[in-house]
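Trainee: I've got a model open and I'd like to learn how to read its helix packing and its core. Can we go through it together?

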Amino acid sequence: MEFGLMTFADMAPEPVSGKGFNAHQRIQNLLEEIKLADELGVDVFGIGEHHRPDYAVSSPTTVLAAAAAITKNIKLSSAVTVLSSEDPVRVYQQFATVDAISGGRAEIMAGRGSFIESFPLFGFDLNDYNELFDEKLDLLLKINKEEKVSWRGTLRAPIHDLGVYPRALNGELPIWLAVGGTPASAVRAAKLKLPLMLAIIGGMPSQFVPFINLYKKSALENGVKPEDLQVGINNHMFVGEDGEKTADEFFPYYAQMMDRVGKSRGWQPMSREQFEFMRSPEGSLMVGSVEQVVEKIIYEYELFGFTRFFAQASMGFVPHEMTMKSIELFATQVIPAVKRKLGLN
């Protein structure tokens with residue numbers, strides 16, 4: 001089992017000056033988070049892609065390349081690459097370059113993304129939402145397997161026996177498919193024999209059991225060996241030494257983040273009651289003491305039998321010092337306790 005951290009690198013929008021002061025500081029903090037995670041033995045770190053004023057990273061590979069130069073062991077992944085509005089050739093080239101810098105530690109997590117700003121920004125039609133993703137994923141997988149590529153689609157220019165360089169250090173880049181929980185997504189990942197990453201950011205994790213079971217069943221039917229099944233689960237997480245104090249400190253930042261995201265989606269403002277429901281033993285939010293977070297990870301492991309747990313542990317406008325402490329507790333206390341209780345040591 002692998003344990004990872006991920007972030008969207010939230011930041012306060014820049015002042016009207018047009019200068020990137022906030023992005024500068026947020027990315028410096030982010031590099032410190034990744035370096036700490038590497039030093040403490042976390043397996044993987046993922047960075048999201050957004051094209052909005054409240055997120056610092058629009059180019060995950062640029063930050064991952066910087067992280068590759070200051071880390072030694074941690075795997076470096078997008079979380080996610082919005083493949084529908086990217087070019088698969090450039091995606092592969094950029095990640096292969098990160099792979100070269102890091103000595104073979106780069107991964108791609110491909111997905112549709114949770115926002116649509118990139119479509120008009122890069123000149124894509126939202127009416128092609130599904131077709132863009134299907135075509136570009138097909139091309140990316142082909143590039144990953146073949147040095148010389150011949151490919152034809154309907155929404156991108158064809159490629160005729162052309163090489164894509166540089167190549168990944170170990171032959172192929174690991175590619176995960178990030179999904180939101182629709183049955184079609186589970187079946188697609190299974191048919192393509194891709195590892196699956198499911199984000200659980202609300203509700204009850206148990207409601208996703210049929211989805212994960214569908215993925216596993218479909219993957220086995222499509223020739224994936226049981227020992228090769230890879231399933232990842234992603235939750236919002238924040239760890240402190242005292243459970244209730246941690247919840248009190250974290251709630252204002254979390255509510256602000258969820259309200260900011262939910263404003264355009266018609267969500268009601270987050271109440272403390274809703275927050276506490278999500279923090280309950282069978283809820284999706286992993287916020288509290290080391291012991292509380294350990295028990296929730298084990299609970300989800302019993303539900304899903306995942307092979308990778310991804311904690312979104314750097315989110316909202318939580319002060320950097322609080323985030324660094326949470327990462328330290330996750331790496332030095334939560335992960336060892338989960339491994340010990342599951343007999344993984």
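This is a predicted model: local features need pLDDT of at least 70, side-chain atom pairs count only at pLDDT 80 or more; totals for chains, interfaces and linings use all residues.

Trainee: At what angle do α1 and α2 pack?

Mentor: Helices (H or I, at least four residues) are DSSP runs numbered from the N terminus, as are strands (E, at least two). Axes are lines fitted to C-alpha atoms, for helices over the stretch in contact, and angles run from 0 to 180 degrees between N-to-C directions. Here helix α1 (residues 21-39) packs on helix α2 (residues 60-70) at about 45°, with the axes 10 Å apart. Under 35 degrees counts as roughly parallel, over 145 as roughly antiparallel, 65 to 115 as roughly perpendicular and the rest as oblique. The pair α1 and α2 is therefore oblique.

Trainee: Which residues make the contact?

Mentor: Contact means heavy atoms within 4.5 Å. From α1 come Leu30, Leu31, Ile34 and Lys35, and from α2 Val63, Ala66, Ala67 and Ile70. For classes, Ala, Val, Leu, Ile, Met, Phe, Trp, Tyr, Cys and Pro count as nonpolar, Asp, Glu, Lys and Arg as charged, and the others, Gly among them, as polar. That gives seven nonpolar, no polar and one charged in the contact of α1 with α2.

Trainee: How are α2 and α3 oriented to each other?

Mentor: Helix α3 (residues 88-102) and α2 pack at about 10°, with axes 8 Å apart, so α2 and α3 are roughly parallel to each other. Thr61, Leu64, Ala65, Ala68 and Ala69 of α2 meet Gln94, Phe95, Val98, Ile101 and Ser102 of α3. By class, this contact has seven nonpolar, three polar and no charged residues.

Trainee: And where do the axes of α3 and α5 stand?

Mentor: They come within 9 Å and cross at roughly 40°, with helix α5 covering residues 129-145; α3 and α5 are therefore oblique to each other. On the α3 side the contact has Pro88, Val89, Val91 and Tyr92, and on the α5 side Lys136, Leu139, Leu140, Ile143 and Asn144.

Trainee: How many residues are in the largest nonpolar core?

Mentor: A nonpolar core is a set of buried Ala, Val, Leu, Ile, Met, Phe, Trp, Tyr and Cys residues joined through side-chain atoms within 4.5 Å. Buried means under 20% relative accessible area, exposed over 50%, partly exposed in between (1.4 Å probe, protein chains only). The largest core has 85 residues, and those with the most contacts inside it include Leu5, Tyr215 and Val334. Its largest share, nine residues, comes from α11. Apart from it lies another core, of 15 residues, among them Phe238 and Phe250.

Trainee: Is Ser326 buried or exposed?

Mentor: Ser326, found in helix α11, is buried, with a relative accessible area of 0%. Leaving aside neighbours within four places in sequence, Ser326 is in contact with Met237, Phe238 and Val239. Lys339 is also placed in α11 (residues 320-341), but counts as partly exposed at 25%. With that same exclusion, Lys339 is in contact with Phe3, Leu344 and Asn345.

Key. Residues are numbered from 1 along each chain as its sequence is written. Side-chain values use heavy atoms; hydrogens and water are left out.
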